[in-house]
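Here is a short tour for someone meeting this chain for the first time. Take a look at the model, then read on.

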Amino acid sequence: MDKCLFVITGDTFRLGGQRSPNKGGEESYNRQRLATDSHNRFFKNIEDKFNVKCDLLLNIYKCSDEYDKDFLEWYGDRVVESHLHPERMAGEMELAYDTMNKLSQRGIDEYRFVMLIRPDWYLKKYFADIFEIDDERVLYAHLDGGYPLKTDNGRVSFLAYDNEYDFPYVCHCITYCPRKHFKLLLENQVWHWHDSLMKLMRHVPRKDIGFFVDTFHWWWYRDWE
């Protein structure tokens, strides 16, 4: 039987907007349970539909002893490795690099694909319906339209760091990587930040990159002209 590895990394039991430090309490507990239940349904769908066993590696921030215990129990025996950091690292990228380091130490060659998901993301049934195993392409959630936009004769372009690479930003909070690209994954060239596509395009052709939802979603607007 093939195996895949899901890597769940970030803050659990979150409340509030982006970068909010708020966590804990009944509302956050209920929201996290809904998200985790949706993950477990997704894992079961993969196991039933594709006959691929789902292992989980957790690299998360600590909430509380009680909540953390429940969180681990919700995922059950699919968890093959877990790390709970007592304090936030200096930034998002520090946790990303730490996650890749843990994957390197563990070794991932036994897996057909690795998929990274934020712990607080609820996965809709639609996502399970459209999901297919892809042994060739890195897949991101969707194009991210919430970053600097420029226009050229009416054409909108998504400029990463305003440099010569006219590549779009992506939502990296769901990232799928097949075994074919594991070396780049462990070198932080696949799953990095919203600039992940810019980094990956330096190493692979366009045909090796795709999206689960092939549209862009705009969470923030500012006139950059």
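A pocket is found on a 1 Å grid over the protein atoms alone: it is an open set of points where a 1.4 Å probe fits, with protein on both sides within 12 Å along at least five of seven lines, and lining residues have an atom within 4 Å of a point. The second largest pocket here has 11 lining residues, and Arg14, Arg31, Gln32, Arg118 and Asp120 lie nearest its centre. Its lining splits into 4 nonpolar, 3 polar and 4 charged residues.

This is a predicted model, where local features need pLDDT of at least 70 and side-chain atom pairs count only at pLDDT 80 or more, while totals for chains, interfaces and linings use all residues. Residues are numbered from 1 along each chain as its sequence is written, and side-chain values use heavy atoms, with hydrogens and water left out.

The chain averages 83, with 82% of its residues at 70 or more.

| Stretch | pLDDT | Contacts in the model |
|---|---|---|
| Residues 154–165 | below 50 | 35, beyond near neighbours in sequence |
| Residues 220–225 | under 50 | 6, beyond four places in sequence |

Among contacts with a separation of 6 or more, 76% join residues 24 or more positions apart.

Conventions:
pLDDT is the predictor's confidence in each residue, from 0 to 100. Contact means heavy atoms within 4.5 Å. Ala, Val, Leu, Ile, Met, Phe, Trp, Tyr, Cys and Pro count as nonpolar, Asp, Glu, Lys and Arg as charged, and the others, Gly among them, as polar.
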